[in-house]
Amino acid sequence: MVKSFRVSDLQTLLASMGRSKSGLKQDLVGRALRLVQTEYSPELLKNVRQLYESRFPKTSGWLAARRPESVSVAYSSLSSSPTATSQGADYLNGISKPIPTPAPEVKLVPLPFYQTLETLLPPTELIAQNNEKLQDSQCIFELTPNQADQIRNASELRPGIRSIQVVLRLCYTDSIGVQEDQYPPNIAVKVHQSYCHVPGYYPSNKPGVEPRRPCRPVNITPWLHLSNATNRVTVTWGNFGKRYSVAVYLVRVFTAADLFSQLKHCSVESAEHCRERIQDKLRFDPESEIATTGLRVSLICPLVKMRLGVPCRVLTCAHLQCFDAVFFLQMNEKKPTWTCPVCDKPAPFELLTIDGLLSEILKETSEDIEEIEYLTDGSWRPIRDEKERDRERERSNTPEYPVVDIFPWEWHGVTGGPAVTPAGGAVVDLTLDSSSEEEGGGAGGDSEDTEDSADSPAPKRGRYNYDKDLVTAY
């Protein structure tokens with residue numbers, strides 16, 4: 001019996017019993033057989049029976065043996081009755097189409113941004129009518145006057161988008177566990193004669209990773225009859241072996257600001273409790289060879305690489321690092337993943353909490369502090385940037401040098417032109433022409449003549465007695 005299960009059925013069975021669901025089909029079959037042989041419990045038998053019944057709803061011999069005879073006869077007579085067939089079937093091209101039945105015990109996961117007010121259509125399986133790959137399934141429901149008034153009087157989140165909506169949700173047909181929203185291939189949703197917008201694919205920045213499609217509820221409110229008239233929804237889907245269910249709900253839609261307000265009022269961890277948790281983490285363990293004396297925590301949000309505004313984390317995570325609550329809710333409002341940005345583990349809204357101790361630290365520290373360290377007694381200290389510490393160290397170690405006067409000369413106005421007086425020296429007149437020294441037989445003159453000097457003209461001398469042909473005189 002277990003050997004006839006599909007891979008998805010085997011994975012569901014193993015996951016329900018706390019076993020690993022990874023591996024090839026032959027590994028899953030062997031693991032499931034060992035589980036049946038070693039753990040013979042009522043819960044296991046119930047799961048196997050539900051999976052087998054959903055896989056073979058009409059050909060289950062061992063289920064028929066356990067069904068009372070009266071029920072079996074009544075079922076066969078109802079199936080063979082022409083009256084029941086004519087009343088309970090819809091005809092498409094001369095072929096009778098069975099009425100979709102509610103999927104057995106299919107439960108959809110609650111969504112933080114959607115509060116279910118009423119169920120308009122319970123989870124109902126999409127049944128293929130033929131062997132075609134593209135199938136059409138219809139859902140029919142009506143709105144009561146009270147429900148229609150709720151939609152009309154609801155406030156607007158954005159122009160044309162109301163806070164009370166009728167949404168359509170799809171998921172896998174699986175009676176074990178809570179199901180997340182999952183679109184079938186080639187999905188299209190049409191209300192009466194108008195097609196609704198279905199979220200498309202998000203491109204992936206990673207090479208080799210296929211684009212991901214956010215499977216969120218489809219808002220069908222703008223195309224509904226807000227009266228006693230019947231609303232008809234047609235779901236087009238690809239029939240490729242997997243089973244899907246559809247449901248319709250009346251919901252109240254929340255924004256990221258609404259969830260943030262709930263988080264501030266209902267889920268804030270006190271600073272004292274945070275200190276106790278830090279002390280527990282840093283408590284000395286005699287069996288450990290390494291003693292931890294401190295834990296560093298960054299004040300920069302890993303989502304946007306900016307300083308934290310409202311530090312938030314998940315109660316089930318082991319790390320102390322936080323992320324910004326506002327940015328986290330806004331990102332999940334646009335692209336719901338609900339994954340911790342620090343450790344990539346699930347981060348559902350109901351497990352989020354605001355760190356009261358880190359909130360106080362952010363208020364007490366300046367903007368240039370990007371990291372702190374928690375100590376064993378629950379206290380903390382700021383950690384400055386290495387470059388800033390190097391700059392402070394250089395300032396503290398810089399020696400004080402005396403001021404040196406680079407102009408030791410005293411300028412004096414002397415008759416005949418400027419003169420400079422060295423400290424304690426004689427006055428030198430810079431306006432004297434070098435020719436006067438030569439004429440007066442000064443030390444700078446040369447009385448000897450050579451043949452070259454007689455044949456060639458004398459070089460042109462500048463004001464300060466240097467060759468004009470070599471250096472331009474000022």
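**Exercise 1.** Decide whether Asp-149 is buried, partly exposed or exposed, and find which salt bridge joins its side chain to Arg-152.

*Solution.* Asp-149 has a relative accessibility of 36% and therefore counts as partly exposed, given that buried means under 20% relative accessible area, exposed over 50% and partly exposed in between, with a 1.4 Å probe and protein chains only. This is a predicted model, in which local features need pLDDT of at least 70 and side-chain atom pairs count only at pLDDT 80 or more, while totals for chains, interfaces and linings use all residues. Residues are numbered from 1 along each chain as its sequence is written, and side-chain values use heavy atoms, with hydrogens and water left out.

Next, Arg-152 is also partly exposed, at 42%, and its side chain meets that of Asp-149 in a salt bridge of 2.9 Å, N to O; the term stands for a side-chain nitrogen of Lys or Arg within 4 Å of a carboxyl oxygen of Asp or Glu. Finally, both residues lie in helix 7 (residues 145-152), three residues apart, about one turn of the helix, where a helix is a DSSP run of H or I with at least four residues and a strand a run of E with at least two, numbered from the N terminus.

**Exercise 2.** Work out where the two partners of the salt bridge between Arg-307 and Glu-367 lie.

*Solution.* The side chains of this pair meet at 3.6 Å, N to O. Arg-307 lies in the loop between strand 16 (294-298) and strand 17 (311-314), and Glu-367 in the loop between helix 11 and strand 20 (371-375), so the pair ties together parts 60 residues apart in sequence. Arg-307 is buried, at 18%, whereas Glu-367 is exposed, at 62%.
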